[in-house]
Amino acid sequence: MDAPIPLGEKRVIDGQTRVFYYGYWVKTYPVPADTLEAKKDLIAALTRRLFNHTEHGLNVPGTRLDEARRAYDQETDPARRRIKGGMLAGALFNRATGIFTQLVEIQKLGVQIQSDNPLMRTCGEHLKEALELGKLVRHRSGEEGIDELWGEPFKAFLLPLENFYESRYLKIAQTMRDIDAIAETLIGTFADLTAFPGLEQSVREFAAAAKVKTETLRTDPDLFEVWTTFVASAERLAFLAPRLAADASARAQQEVSDALQLIRAGRDLITYVTRARVSMPKSTREFIERCERYRGACTALLPPSGSDGG
């Protein structure tokens, strides 16, 4: 038997360096020099990505940090306090990013900034507090929180850049694992139903495109083709037309309607994890359970007894 591939193993595959995690060979990129300038750019990019995938209204300017803290501290209603906690987290992130940016500008003047600098410590404290408050925040879909996105700027601040990049490749592999789990659930639930011929191919094409999109940075020259393929395959799945007889029973029509809702929910969930590039285990688990309940109740669309569904 072949020896198992160790996690973190790197190989050149088709001219591209890839790293192995959890069954996936993830595309890697050169690590920039570990400087304050590089960390500033990375933290700013991670912060923008965070706000892009979380609830609206959290991108509070760092200059309003004291106001955000007072609003949070004075709030007693649990639902409102959760939202204000997210706004405080956003203000903390923006304050930390602003301080870090100014420190980089000072260093450009020839002033060396040490790790024990009081402002550096303040940055770390703000990012750490924001990470804790981030547990209150949900993904923009409203389905669940995505704590990993809140932790990434803090990790980028603390870790050497090479270590941070390695941690991202691991998370990307976990994201790919979610994509495959959702895709296999869609195929197992609907591909053999008489109303959905061709669904398996559409789902597999979409999942393959999603995994490539997950590992591809926005600065990659292949982005134009990668993003186009991903969106086009998502649209094909969205416009999937079920095949249903004109005299289909009310039961069959309802099962088709329910199936289409689930197929679109699966497509949306794959899109969420692909764009965020982090796993969404709660949403994935709940989607799989919904599909299992559907399949258990489905009767009118099942293939005839003894058929292989082809």
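Which residues are linked with K27 in a network of salt bridges? K27, D220 and D222 form that network, a salt bridge being a side-chain nitrogen of Lys or Arg within 4 Å of a carboxyl oxygen of Asp or Glu. This is a predicted model, in which local features need pLDDT of at least 70 and side-chain atom pairs count only at pLDDT 80 or more, while totals for chains, interfaces and linings use all residues. Residues are numbered from 1 along each chain as its sequence is written, and side-chain values use heavy atoms, with hydrogens and water left out.

**Overall layout**

- The protein chain holds 10 helices and 3 strands, where helices (H or I, at least four residues) and strands (E, at least two) are DSSP runs numbered from the N terminus.
- Read from the N terminus, the order of the elements is β-β-β-α-α-α-α-α-α-α-α-α-α.
- The C-alpha trace of the protein chain spans about 75 × 55 × 35 Å along its principal axes.
- Of the 310 residues in the protein chain, 45% count as buried; buried means under 20% relative accessible area, exposed means over 50%, and partly exposed lies in between, with a 1.4 Å probe and protein chains only.
- Among contacts between residues at least 6 apart in sequence, 72% join residues at least 24 apart, contact meaning heavy atoms within 4.5 Å.

**Helices α3 and α4**

- The axes of helix α3 (residues 78–108) and helix α4 (residues 118–133) come within 8 Å and cross at roughly 155°, with axes taken as lines fitted to C-alpha atoms, for helices over the stretch in contact, and angles running from 0 to 180 degrees between N-to-C directions.
- That angle makes α3 roughly antiparallel to α4, since angles over 145 degrees count as roughly antiparallel, those under 35 as roughly parallel, 65 to 115 as roughly perpendicular and the rest as oblique.

**Salt bridges**

- Side chains of opposite charge can pair when their charged atoms come close.
- A search of the whole structure finds 23 salt bridges.
- One of them joins D222 and K27, whose closest N and O atoms are 3.8 Å apart.
- This pair links distant parts of the chain, 195 residues apart, with D222 in the loop between α7 (199–215) and α8 (223–238) and K27 in strand β3 (residues 24–27).
- D222 counts as partly exposed at 42% relative accessibility, whereas K27 counts as buried at 10%.
- E129 and R69 also meet in a salt bridge, at 2.7 Å from N to O.
- Because E129 lies in helix α4 and R69 in helix α2 (residues 65–74), the pair ties together parts that are 60 residues apart in sequence.
- E129 is partly exposed, with a relative accessible area of 27%, and R69 is partly exposed at 26%.

**Surroundings of K39**

- K39 lies in helix α1 (residues 36–53) and counts as buried, at 9% relative accessibility.
- Not counting residues up to four places away in sequence, K39 touches D34, F100, A156, F157, L158, L159, P160 and L161.
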